[in-house]
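Student: Could we go through this model together, one topic at a time? I would like to start with how the strands pair.

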Amino acid sequence: QVQLVESGGGLVQAGGSLRLSCAASERTFSYTMGWFRQAPGKEREFVAAISWSGDSTYYADSVKGRFTIARVSAKNAVFLQMNSVKPEDTAVYYCAVMRSVTAGTGDYWGQGTQVTVYS
């Protein structure tokens with residue numbers, strides 16, 4: 001079973017940037033990887049996904065143009081670059097192994113990292 005560990009969360013002012021990282025316990029070069037988030041009182045929602053080759057990416061409309069997902073398969077790592085953040089981006093962010101970029105959910109999850117955006 002793949003184990004995922006997120007890092008990079010924290011407190012950031014609206015309009016600022018933050019970079020989240022996800023480290024996997026084993027080689028993930030053949031997996032589609034994604035990021036999800038869950039805000040207080042809300043259900044977990046999809047944020048972004050990247051195919052195993054890195055050639056295909058998919059974003060939620062709410063983050064399109066502001067967030068970028070990338071991967072370094074040789075390092076079993078996936079990243080989420082968050083730019084122009086907004087208070088509504090505040091949530092716990094989770095890294096996940098997915099079946100496809102449009103799967104909508106994950107098969108394996110990390111423990112999450114908190115992102116708080118203040119205005």
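**Strands, links and rings**

Tutor: Strand 3 and strand 8 run antiparallel and are joined by six bridges, where strands (E, at least two residues) and helices (H or I, at least four) are DSSP runs numbered from the N terminus. Please keep in mind that this is a predicted model, in which local features need pLDDT of at least 70 and side-chain atom pairs count only at pLDDT 80 or more, while totals for chains, interfaces and linings use all residues. Residues are numbered from 1 along each chain as its sequence is written, and side-chain values use heavy atoms, with hydrogens and water left out.

Student: Which residue in strand 8 is the bridge partner of Leu-18?

Tutor: The partner of Leu-18 there is Met-82.

Student: And in what order do the four strands of the open sheet come?

Tutor: The order is 1-3-8-7, with antiparallel pairing; two strands are taken to pair if DSSP finds at least two bridges between them. Strand 1 (4–7) and strand 7 (67–72) stand at the edges with a single partner strand each, so one side of each has no neighbour in the sheet. From one strand to the next the twist averages 15 degrees, with axes taken as lines fitted to C-alpha atoms (for helices, over the stretch in contact) and angles running from 0 to 180 degrees between N-to-C directions.

Student: What holds paired strands together in general?

Tutor: Strands of a sheet pair through backbone hydrogen bonds, and they may do so parallel or antiparallel.

Student: Switching to cysteines, how many disulfides does a search of the whole structure find?

Tutor: The search finds one, a disulfide being a pair of cysteine sulfur atoms within 2.5 Å. This disulfide joins Cys-22 to Cys-95, with an S to S distance of 2.1 Å. Cys-22 lies in strand 3 (residues 18–24) and Cys-95 in strand 9, so the pair ties together parts that are 73 residues apart in sequence.

Student: Is that link left-handed or right-handed, and are its two cysteines buried or exposed?

Tutor: The link of Cys-22 and Cys-95 is left-handed, with -80 degrees about the S-S bond. Both cysteines are buried, which here means under 20% relative accessible area, whereas exposed means over 50% and partly exposed in between, using a 1.4 Å probe and protein chains only.

Student: Now the rings: how many aromatic pairs are there?

Tutor: The count comes to three, where rings of Phe, Tyr and Trp (its six-membered ring) pair if their centres lie within 6.5 Å, and planes under 30 degrees apart count as stacked, over 60 as edge-to-face and the rest as tilted. One of them is Phe-36 with Phe-46, whose ring centres are 5.6 Å apart and whose planes are at 75 degrees, so this pair is edge-to-face. Phe-36 lies in strand 4 and Phe-46 in strand 5 (residues 45–50), so the pair ties together parts ten residues apart in sequence. Phe-36 is buried at 2% relative accessibility, and Phe-46 is also buried, at 16%.

Student: What kind of pair do Phe-46 and Tyr-58 form?

Tutor: Phe-46 and Tyr-58 form a tilted pair, 5.7 Å centre to centre and with 35 degrees between the planes. The pair links Phe-46 in strand 5 to Tyr-58 in strand 6 (residues 57–59), twelve residues apart. Tyr-58 counts as partly exposed because its relative accessibility is 40%. Phe-36, Phe-46, Tyr-58 and Trp-109 form one aromatic cluster.

Student: Where is Thr-90 found, and why does it count as buried?

Tutor: Thr-90 is in the loop between strand 8 (77–82) and strand 9 (91–98), and it counts as buried because its relative accessible area is 19%. A polar atom of the Thr-90 side chain lies 2.9 Å from the backbone oxygen of Pro-87, and a polar atom of that side chain lies 2.9 Å from the backbone nitrogen of Val-117. Leaving aside neighbours within four places in sequence, Thr-90 has contacts (heavy atoms within 4.5 Å) that include Ala-39 and Val-117.

Student: What about Ser-84 in terms of phi?

Tutor: Although Ser-84 is not a glycine, it has a positive phi of about 50 degrees. Ser-84 sits in the loop between strand 8 and strand 9 and is partly exposed, with a relative accessible area of 40%.

Note on methods. Polar contact = N/O pair within 3.5 Å; in protein donor to acceptor, adjacent residues only side chain to side chain.
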